[in-house]
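Here is a set of questions and answers for someone meeting this structure for the first time. Each answer sets a value beside the rule that gives it its name.

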Amino acid sequence: MQNHGPLIISLDVSTRAALFSFIEQFSPDEKLTIKIGMELFYGEGPRIVRDLLNRGYDVFLDLKLHDIPNTVKNGMKQIGKLGVAFTTVHALGGSAMINQAKQGLIEGAEEAGVQPPKLLAVTELTSITPEGLANEQNSKLSMVDQVVSLANLAKQSGADGVITSPLEVEALRAAVGDDFWYVTPGIRPKDFPKDDQSRTATPAEAATVGSSTLVVGRPIINANDSVATYHKMLEEWQNANR
Ligand SMILES: O=c1ccn([C@@H]2O[C@H](COP(=O)(O)O)[C@@H](O)[C@H]2O)c(=O)[nH]1
């Protein structure tokens with residue numbers, strides 16, 4: 001299976017102090033990939049991203065841009081300058097927006113002399129249920145068909161991959177191909193509460209269906225022993241049958 005990536009920790013905290021007190025539980029040699037979302041980014045600004053990069057961590061900046069193409073391009077130009085590994089838009093923003101997002105990342109990265117991040121398009125949020133898709137979004141498609149349709153759009157528009165739940169990954173690999181990233185949040189250890197997630201799977205299940213990379217937040221952050229929980233989930237992800 002291609003692009004078997006890291007288990008990304010979604011560090012959904014609101015302050016720099018909380019971020020570093022979490023990270024300092026780990027050995028400095030541990031090669032972590034940290035996802036920063038809107039909570040920390042809006043609270044602390046881009047400096048927090050630079051601080052993590054300077055300490056050697058890989059960063060996934062997950063701001064899920066969704067606006068007109070020109071606005072997204074200019075926002076992505078700023079993100080492209082940072083040197084992060086992944087960033088996101090909503091696929092529902094459409095082809096022109098995704099295309100301009102990619103362009104902005106390339107221009108920003110070139111200006112700063114860094115590599116552009118991989119652009120991931122969010123398909124249907126993992127909190128959305130099939131009923132919500134039908135009744136609130138009035139989609140006539142099943143969840144899988146809707147996600148495949150958005151992933152095809154994202155790929156044709158220049159994205160490097162999608163954010164989706166593991167439940168759609170097998171269909172995506174068949175319909176969209178292996179040369180694309182399938183990044184999956186909604187990961188829960190067996191018997192762990194779903195919280196506000198709807199379409200969930202364990203690390204082993206996600207590996208078996210072909211997820212490229214996992215995103216895990218609360219099960220690790222809120223654990224009594226976050227380091228042990230991270231290692232247990234990482235081992236399950238790395239050792240599952242593929
Ligand atoms: O469809 C999506 C897109 C993004 N996310 C993000 O992933 C993490 C998941 O956190 P958990 O605590 O493990 O539920 C969170 O930052 C979301 O914003 C997602 O869950 N689903």
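Q: What makes up the chain over residues 6-233, and how far apart are the end C-alpha atoms?
A: Over residues 6-233 the chain is 44% helix and 16% strand, with 11 Å between the end C-alpha atoms. Helices (H or I, at least four residues) and strands (E, at least two) are DSSP runs, numbered from the N terminus. UniProt, in an unreviewed entry, lists residues 6-233 as "domain: Orotidine 5'-phosphate decarboxylase"; its positions are in the numbering used here, feature names are shortened, and annotations may be inferred rather than shown by experiment. This is a predicted model, in which local features need pLDDT of at least 70 and side-chain atom pairs count only at pLDDT 80 or more, while totals for chains, interfaces and linings use all residues. Residues are numbered from 1 along each chain as its sequence is written.

Q: Why is strand S5 (residues 118-122) called largely enclosed?
A: A residue is buried if 20 or more other C-beta atoms lie within 10 Å of its own, exposed if 12 or fewer, and partly exposed in between, with C-beta atoms placed from the backbone. Five of the five residues of S5 are buried, so the strand is largely enclosed by the rest of the structure. Both faces are covered, with Lys118, Leu120 and Val122 buried on one side and Leu119 and Ala121 buried on the other.

Q: How do you know that S4 (residues 86-90) and S5 pair?
A: Two strands pair if DSSP finds at least two bridges between them, and S4 and S5, which run parallel, are joined by five bridges. Within this pairing, threonine 87 stands opposite leucine 119 of S5. From S4 the chain crosses through helix H5 (residues 95-112) to S5 in a β-α-β crossover that is right-handed, a name used if, with the strands pointing away from the viewer, the path from the first strand over the helix to the second runs clockwise.

Q: What makes S5 and S6 (residues 161-163) a pair?
A: S5 and S6 pair in the parallel sense over three bridges, where at least two are required. Alanine 121 has valine 162 in S6 as its bridge partner.

Q: How do you know whether threonine 213 is buried or exposed?
A: Threonine 213, found in strand S8 (residues 213-216), has 24 other C-beta atoms within 10 Å and is therefore buried. Not counting residues up to four places away in sequence, threonine 213 touches Gly5, Pro6, Ile8, Trp181 and Val183. Threonine 213 and isoleucine 8 are 205 residues apart in sequence, yet 7.3 Å apart in space, C-alpha to C-alpha.

Definitions and conventions. Contact = placed C-beta atoms within 7 Å.
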